[in-house]
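Here's a quick tour of the salt bridges and nonpolar packing in this one. Have the viewer open as you read.

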Amino acid sequence: MTTQVLGVAFRYTHTIGRGEAAGSGFSNPVAVARSEDDLIYVVNRASEYRPDSIRITVCTVGEEYVGEFAKASPGRNEKPYPDASVWPASVALDKAGNAYVTDEWLHRVASYNRDWEPIGMWGTAGNGDGELDHPAGLAFDSEDNVYVVDSGNNRIQKFTKDGRFLTKWGREGTGDGEFNLPWGIDVDNQGNVYVADWRNDRIQKFSSDGQFLMKLGTSGSGDGQFDRPTGVAVDKGGIIYVTDWGNDRLQVFDRRGRFITKMAGEATVSQWGKQKLDANPDMWKERDIAQGQEREKLFWGPIAVEVDDQDRIFVVESARNRIQVYRKIAPFFQNKFDGGRL
């Protein structure tokens, strides 16, 4: 199905995922990143202390399982492994393809090479420069510096990729440049930074040095309003995508912050899901008689969004252990307000 508004068209393509503790599936996924070789890295919250709990699942966009990495913590009362992850929150890739993962519980960022081996970690708990309190989203800029959403400290911090502190901005509040438990983040191709200001129900846009540029959204359920937005992504044409978590939808805006459209979800059974059902024919029969299956296609608490250079949009649903994939098939449109491109 294709959704088209003012000449911008979005087509649902497929769904990736199924619920699994390990292997070909996801376990409470909360973030996704796409690599240059068309792999996707999916962060799973899973169970904090089960040794077999997955943390990062790696698969292709076409749903071929490739592998997994990052260990769970060994136990509630035991010291975590050096590369353990308890509450992973986000993943981003640097230019070399190394993966960086934030951990809310451990207040740090861990990095892994292309072979998924741990190569470093940085960050300690606190509110000083370079210290972190429940870090959430992270995103790289064109110079391979990384922006980290320091959620508990209500600020954004900028680091080199080896963890050297560069700058920071933000404090708790509702004014421009202030935050209340921010979560998601993205950097556009101009170097501007977009932050999902979760409890303030808005998206804020900043220059690379933290100068406030724009905000969009207010509290509510109408078009352009948010109920706890969690993720934000910006495509190469400047279109802004926001996972409106509390309203169970994805909203789309132009580069000036004007509402374009919204999507409620169109999921179908994934390849992994079909494989599991085919192995258990009685489950297909149970589905045939189940009521309310129409609701399965809808978003349920979409928590993160990623967009790639091929105009594919990946929407993560933690509660349904899946990613819905869409494609933008018209990157620009004429509109009656400015008579030109976005």
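## A salt bridge within a helix

Asp 282 is exposed, and Lys 285 is exposed as well. The two form a salt bridge, with 3.9 Å between their closest N and O atoms. They sit 3 residues apart in helix 2 (residues 281-289), so about one helical turn separates them. Keep in mind that this is a predicted model.

## Networked charges

Some charged residues share partners: salt bridges join Arg 34, Asp 38, Asp 308 and Arg 312 into one network. Across the model, the count comes to 26 salt bridges.

Take Asp 176 and Lys 215, whose side chains meet in a salt bridge at 2.9 Å, N to O. Asp 176 is in the loop between strand 16 (165-169) and strand 17 (185-187), while Lys 215 belongs to strand 20 (residues 212-216), so this pair ties together parts that are 39 residues apart in sequence.

## The nonpolar cores

Now for the greasy part. The largest nonpolar core has 30 residues, and those with the most contacts inside it are Ile 16, Ile 40, Tyr 41, Ile 56, Phe 69 and Ile 323. Strand 4 (residues 39-44) contributes the largest share of this core, at 5 residues. Another core lies apart from it, with 16 residues that include Ala 233, Met 263, Phe 299 and Tyr 326.

What does Ile 323 touch, leaving aside its neighbours within four places in sequence? Its contacts include His 14, Thr 15 and Ile 16, along with Phe 26 and Val 32. Ile 323 is also in contact with Ile 40 and Val 42, and with the run Phe 314, Val 315 and Val 316.

Key
Residues are numbered from 1 along each chain as its sequence is written. This is a predicted model: local features need pLDDT of at least 70, side-chain atom pairs count only at pLDDT 80 or more; totals for chains, interfaces and linings use all residues. Side-chain values use heavy atoms; hydrogens and water are left out. A nonpolar core is a set of buried Ala, Val, Leu, Ile, Met, Phe, Trp, Tyr and Cys residues joined through side-chain atoms within 4.5 Å. Buried means under 20% relative accessible area, exposed over 50%, partly exposed in between (1.4 Å probe, protein chains only). Helices (H or I, at least four residues) and strands (E, at least two) are DSSP runs, numbered from the N terminus. Contact means heavy atoms within 4.5 Å. A salt bridge is a side-chain nitrogen of Lys or Arg within 4 Å of a carboxyl oxygen of Asp or Glu.
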